[in-house]
Every structure is written in structure tokens, then in C-alpha cells.
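The entries follow in the order in which I looked things up.

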Amino acid sequence: METTSVQNKKLTAKDFSSDQEVKWCPGCGDYAVLAQIQKVLAELNKSPENTVFVSGIGCSSRFTYYMNTYGMHGIHGRPLAIASGLKVARPELDIWVITGDGDCLSIGGNHLIHELRRNLNLNIIMFNNRIYALTKGQYSPTSEQQKITATSPYGSIDYPINPLALALGSEATFVSRTSDRDLQHMNDTFKKASAHKGSSFVEVYQNCKIFNDDAFAAYTEKEQKLEHTIYTEQGKPLVFGKEKEFGIILDGTTPKIVNLKTDSVSESNLWIHDVADKQKAFLLSQFSMPGYEQFPAAFGVIYKAERPCYEDMLVQKIDTVKKKRGTPSINKVLSGSNIWEI
Amino acid sequence: MKTKTLVKKENVVIKFAGDSGDGMQLVGYQFTYNAAYAKNKAINFPEFPSEIRAPKGTVAGVSSFQIQFGNEDVLTAGDEYDVLVAMNAAALKTSLKSLKKGGIIIANENGFDAKNLKLAKYDTNPLENNSLEAYQVFLLPIETLTIEALKDSTLTKPDKERCKNMFALGFVYWLFNRKPDNTVEFIESKFAKKPDVRDANLKALYSGYNYGDITEAISFQYDVPEAKLEKGTYRGIMGNHAIALGLLTASQKADLSLVYYSYPITPATDILKHLSGYLNFGVKTFQAEDEIAAMCAAVGGAYGGILSVTGTSGPGLALKTEALNLAIMLELPLVVVNVQRGGPSTGLPTKMEQSDLLFSLYGRPGDSPIPVLAASTPSDCFYMAFEASRIALEYMTPVILLSDSFLANGAEGWKFPPIEQMPPIKSTLIKEYKESTFSPYKRNEKLARNWAVPGNPNTIHRIGSLEKNPETGNVSYFPEDHQKMTDIRKQKIENIADSIPAQKIDNGVEKGDVLVVGWGSTYGVIKTVVDNMVKSGYNVGHTHIKYMNPLPQNLEDLFKRFKKILVPELNTGQLIKVLREKYLIPAVGYNKVQGIPMTQTELTNKILELINTK
């Protein structure tokens, strides 16, 4: 394959694009995510040689082949485990994990919870299309109940998992959601994820044109979007609606929707978004999910915390032990402390 | 103090048996190292239940440690023992059957009270009902004596009782006329921060020793002379520790940092334990959430350009299979250590078996050849771990290294090499690259591909689990490309045969009636049996295979020099299948799957049977 010499010049999105033909279905949301990531890397002036994309198996996981960076297309469910091993070995690399709802939450669910609690400095982009697409349309762990799919002709009885709540429960330090249709928001969210030191979990609502078209129409189509989405911003009240006429207040620990025009509630009484508040983040993660259907889905950075990264602590530990015990000659280790002569 | 008679004995087999909480394993290792320091050859065989504390006093809870020590001929832990130290009734019950007739029983009388007899399911006390007439029985109330010796100690009674293993060990040191120096040092360092515990253990040890001197009961001591061993500096080593050292040495010789990704599993865990102590050499360890993650992380690490290693045991290897398959597809260098135990499934977690050979050779989807190596002794684990790393790095392939619980827990004296004696390892890692195009699948004459790692602006590339074009490495489903890649992956592994030593006759005759073909931890017993039979005039030879795939190129020449081939294995016949298939030879197997070593007697009988059948 051809490599582009990219030193000493301002990079463009094209510099992050490989020579391989992109083979997603026409109209797939993956194209938009790919374009945005390439753009973000260029805008952040990242170097292709120090960037690695690791993916699992599924439509979105082909992503790796389309990036002009280092990359590994792995096996189903395991990109986080592969990326963890690489990050431990090479902490200085900028590693992005590309995964899907099946890859990350079903077969690879165990790796997600453990990666998040370890807080390695990885950017995890989880494409959620609420369907198994590469295997042609079976219900996934994020599919809604009663969904008719190839393997649930009479409706699925599987209760869906909530990715953001799972990430929060796994002690993630950066939890966010964006959508394949909102290019500027994706750009902004990916940049924030990249800037965060620690595991950044980004759920991307991504439309599968073939097997689950319009799954997220309520959050992406112009006429419905404004009433069904909240775009969270740090320090700003939670408001939504066509004319920002609705707001969220907290009655104890219960969220309630208020009409700013008709109810006697001022903006200052509204729920002010605070990315450091984990309890509120958990409530936000429930919005639009079963039991909270009346609430708009939350987009943006839901939660963010500072916690030391696993790989940094490992390196520090090595330095501390080196200082304390020195590095003896290898022969000293081979001989051990008890030797005898024959 | 009375003068005791010194009885000279070339080799002695001793077994310490007691309850899981009695500290028999500690005593066993102390005695093994003591024998090694006294310039004996010593081989041990620890046996313990997989439960941490099985019900006290029961047969299921017995933990034991067998050691043969003496002259240079000692290569096994021995079939039957000369001396049995039984800390309780259950220990006697489980261990009596392999005590030599006329052998010595040192019985802790306190362990034979009504409660212990009942737990061990004895109707009457074997110490009193004349059932042990064929043996020399010495009764010592070890618990009573220990507590009496520690009457001035501030420890609680249960803590004092726990020192009884040191009393027993002290007594046995006296019986073999041995200085307890190594154990004194051990106690002083282990309990440096607990002076009362340290003093109590030392006191118990010396009291046991002195008890031998003053007791009227035993009128003799054994004198086991030094072995004639190669001159040099020795240390004690166990198999898992040797693997850790072999990997560390290989990483230094390859100028790569070492990362060990693993999930705890018996009997492989100690490799992780040892390596996690070498942080000051820059060694990193990653205790993964499961076996799959450990294997995947090792693949990720290998992509980053380090010496990447994971370790496990049978059930864990099953879980690692898919990601190991990925490493084969990606052609990345890494080592998978499999410390075998009894299977299938959870099987016998703490017992020995050699039953993962076929799984290691063939247990993967698709045509996925992989080199497989097998260590033969605890110290050989060092050299084979080094070799596994060398082959992985030189040929860009994952390698499976087989050990087993016998090697993992076995200790021996080892004339260790200084690192200068180990050869350099040359990987295909690209440090500088100036050309304008790059293919990760460009190969050298061995067929090993380029190892380009992130950080280099001129070798940017993607690799993946999909089939690829042999030239560019890009995804390809073309029929010819898959054929070609499959052929290359196979040929590359076969090429490794060019880099391994020729197979030799280890001991016995160079040509003759029966060639005994072994692999793995049966090395000692086969060597001993073949040596003894040659001394008795039989034309028997022994060869031991350490490179299971690819096999040494001259193996067939050795087979042709013998009339019959015997393949003894601790499985139902795995290597024999490989040899029959590859060489079309009518080899005969001898197989045992009891979680314990093969005995000299049974192997000798099998060889005799083969010689005597036309």
C-alpha cells in the first residue's frame, strides 16, 4: 500500500484517507462518521504515524481499512482488549477504537466494563444502529422490545441495554452521545473525546439504511428533532423544543418537563447541566429509554471526570520501583539470592 | 547425647504428608533446596488438592511433597519412598501404599487421636493395631513437643501449633545429618518483621533437630553422599520461575521490552507473579479481565513492537483460541505459554497431564499452523521460553510453549547461564525505512514478514483478520490469493525446522531394539528407566522431542535405527498419532492419565513387554 509522506505540512482530511475503496452501502451513516473523524484528526493536527485505529467485526469495524493511519481490524467483540494491550505496550500512541452495538455491548460487553474502569486513554467510538447489519438484520442488544427482525419474526422479547448508563456504571470518565446526521456536533464531540485524558466513550446514533432505516428519525428529522432531543452544554439549562419552550426541572430526584411559556418556571430554576454530576448524568442517560420515553434523548457530553489513566500509573509504578530498587544486572536476577558452588 | 550409627545410602526418597494447612509444601521445598545445597541431585513432586483448605483431617485434604535426593542418577521423584512423615491419620492412609517395605514412618502421634482417626475413616488406630509391622515406625507427639518447646513464646496456642512443620523438618534434617542453614535464613527473612513468629519457628526447627540427638528411639542417621555434578554455580529453580526468567532474558537479547498479559489460572499463575516483580527491568504485566482479553491484549501489544507474551492452562487456552487465530492471520510475534493440567474442562487443576498437545497443534478453525515447543525439566523451561521467543520474533508468528504442573511446581538445582552465553535474537522489526511504498506483507527468505510498528511515518499500514493479497496486504477474497496466503503461512512454519537443533539420542543405545520417544515432563523417568535397562544389557535408547511443530528434520533417521518405537505419554495417545501420521510407523504407546507421574516400574515393564513380543 502507498504511504503518504506527511511531515512538515498542514494536514487535511484527505491525508487521513487510505487508498482503499470504501464499501459501505449507499446512504449508510458510517460515511459521515468516517469523514468527520478524518476531518477532526486533520483539524487537531494529529500525526498519522502515531495514530492507531483498532476495530472489531461488523459494518462499522471496516473503518480501520479506510484510515491512512496505523490500524488493526480485529475479531468480533475484542477491539477494546486489543487496544488495551497496545496502549499498555505503547502509551504514547493516540488510539481510537471503532466498535458497534453488537461488537461492544453484546459479545464484547465484558471488555467494555473493564476497559472503562481501568481508564486507559482511548477514544471509543461506538456506532449504535440498533441492529446486526453485517449478518443481515438480526436484533441487537440495543434493539427495542417487540422489534420485528430476521430472528424475531414475532417481535423481540430481549430487553435493550442502555449504553450510556452501562458506561457510567462501569466508572467511565467521559460519556457522550452524538448522531451521524449532526456533522458539527460529531466534530465537536470527537474533539472533546480526543482532548479528554482517559477513556472517552462516544455513542453515535447511526442509521442503517438497509436493515433499520429511520431508527433514529425522531432525533434526526427536522420536524421531530427539536422536540425529541436535548443538546447539553456545560453550565447551561436543559431546554428543548421548536422554540426552546420546554425545560427540565428536578423535583427531588425526579426529572419533570416544564413549559417555560405556560408554567410559572423561570430558566434559573431549570436543571443546569453539570458534566461532573454523576447522579444527574445517570438520569440523563435514562432519557428516551423505557420508563423515560416522554423525555428527549440527551446529546453531548453527559459526564466527565478526571482520574489517572492505567498506563500512566503503570509507568509511574515502574519508575518508582526502579528508583527504590535500582535495576540490577540481568545476571543478578538469573542467579537469584541463593547460589552454591559445585 | 548418644552416638548414632551412620547408615550410608546413595539415594533416598522421602515423602512429607499432612493436612492442607500443615505447611507440607513449604517443608518440601525447604528440604529440596537443602539437599541441593548439600550437593545432592534432588527432584520433587508436590501434590495438593485444588481446594485451598479442604476439610481438615480428611483424606481429601491431604497435601504432600515427595523428594528423591542423592547421587547424579536422580532424575525422578522416585516410585516408592524410604521415609514417610505422616502428620495425621489421613496422611498415612493416602501415602502408605507407596512406602517401601521396611521403610520408615515418622508419625505425629497427635494426628492420630479419635477425631483424626474418624475423619480419616480408620476403625482402629493403625499405630496400635499391628498393621504397620512391615515398617519401622517412629512415634513423635510433634504437636505436644512443639508447644512444649515454645512454652516461653508469646504466641497463641494455635500459632504455636502451626510451627509443628518446622519441628518435623528439623527432625528430618537431623535424620539425614543435614545443616538447617537454608531454612534458618528463610525463616529469618520471611518473618523479619514478626520477631515472635520468627523466633518460634526457629525454636521449633532447632527443637526438632535436637530431639533427634537426644531421643533413644532412633539409633541411626543416614549419610547421603554428594552427587558428581558438573562444576559451576548453581541455584534452585522451579518451572514457572524459569519461564519468567527465559522470557526476560529473551527480551533483553532481542532488545525489546517485555509485556506479559495474563489471567490467573492454576498452574500458570506463578509466571504472572514472578514477572510482576520485575518492574524495575521495565517489564510490564497486565492482569486482564479474562483469558480472551489477555490473548487479545497480547495481539495488540505485538502490533506495538514489544516481546508480547500470555500464559494460561488448558481451559484458558480454549478461550484464547480465536485471538490466537487472529495472531496467526496477522502474522504477529508472540508467545503463548500453556502450563498443562488434567482435563477435560476444569478437570484436575493441580495435577499433571500432557493432554493439550493435539489441541495446541490443531485446535483452531481454518488452516492455522503454529510452532509448538515443549519443555522437559524445570530448568529446561528457561531455555524453551527463550527459544519460543526467538522463533516468534524471527519468524513473525505466535508460538505455543507447553509446560505442565509437574514442571511448574518441580524444583531442581540449575547451573544457570550468564546472559552473555545466550545467543542474540534478531527480529524483523523495521527501525528505519526510506522507500516510498511499503507492504507489511513483504517477506524475507524465511518468509517472515516485515514487522512495522506505529510511530514510523514511512511504514503506515493496516492489518486485519480478513484474507489479504500476498503482495500488498490489502483485503482480498480472490481464490488464488487465499490459496497463496494459506500456502505461505504453512511453509513459513515448516521453515522453522531449518533453525532448530537436530534430534539426538538422549541416552541409551544409538541403535537397537526399542527407541523410547518422549516429550515434556516424562524426561526424568524415561531417562532413568532406559539407563537402568542398558546397564542390564538391553538395547534400548531414549530420544526426547522438544520441538513438537515443526518436528526436527532428522527424526525419521532415528526411528529407522530401532526395531520398535515406544511413545510413553500422560494422555491417551497424542504424540503417537502425530508420529504415526507423519512417518507411517507402527509405534506403540504407553499411556497413563491419573494426574501423577509415570513410575519407573510400569515403564520398564512396558519396554520389556515390547522386547519380548515378536
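I took two residues as in contact if their C-beta atoms, placed from the backbone, lie within 7 Å. The model is a predicted one: local features need pLDDT of at least 70, side-chain atom pairs count only at pLDDT 80 or more, and totals for chains, interfaces and linings use all residues. Residues are numbered from 1 along each chain as its sequence is written, while chains are lettered from A and ligands numbered from 1 in the order in which they are written.

Entry: chain A overall.
I looked up the contacts in chain A with a separation of 6 or more, and residues 24 or more positions apart account for 63% of them. Helices (H or I, at least four residues) and strands (E, at least two) are DSSP runs, numbered from the N terminus. On that count chain A has 11 helices and 12 strands. I then checked the radius of gyration, taken over C-alpha atoms, against the globule rule, 2.2 Å times the number of residues to the power 0.38. Chain A comes out at 23 Å, close to the 20 Å that the rule gives for 342 residues, so it is as compact as a globular protein of that length. Along its principal axes the C-alpha trace of chain A spans about 95 × 50 × 50 Å. I called a residue buried if 20 or more other C-beta atoms lie within 10 Å of its own, exposed if 12 or fewer, and partly exposed in between, with C-beta atoms placed from the backbone. Of the 342 residues of chain A, 47% count as buried.

Entry: a sheet in chain A.
Two strands pair if DSSP finds at least two bridges between them. I found an open sheet of 3 strands in chain A, in the order β8-β9-β10, with antiparallel pairing. Its edge strands are β8 (239-240) and β10 (254-259) of chain A, each of which pairs on one side only. Between β9 (residues 246-251) of chain A and β10(A) I have 6 bridges, and D251(A) stands opposite T254(A) in β10(A).

Entry: the contact between the chains.
How many residues does each chain bring to the contact? Chain A brings 56 and chain B brings 61. On the chain A side, α2(A) gives the most, with 8 residues. I also noted that β12(A) is joined to strand β9 (residues 233-238) of chain B by 3 bridges, the two running antiparallel. There, E341(A) has T233(B) as its bridge partner.

Entry: helix α8 of chain B.
I took the expected span of a helix as 1.5 Å times one less than its number of residues. The 20 residues of α8 (residues 195-214) of chain B should therefore span 28 Å, and its end C-alpha atoms are 28 Å apart, which agrees. Buried residues in α8(B) include A200(B), L205(B) and Y209(B). The buried residues of this helix pack against α4 (142-149), α5 (157-161), α6 (164-175) and α7 (181-190) of chain B.

Entry: strand β13 of chain B.
Is β13 (residues 334-340) of chain B mostly covered or exposed? I find 7 of its 7 residues buried, so I note that it is mostly covered. β13(B) pairs in the parallel sense with β12 (residues 307-312) of chain B over 5 bridges, and with β15 (residues 398-404) of chain B over 7 bridges. In these pairings G311(B) stands opposite V337(B), and V335(B) stands opposite V399(B).
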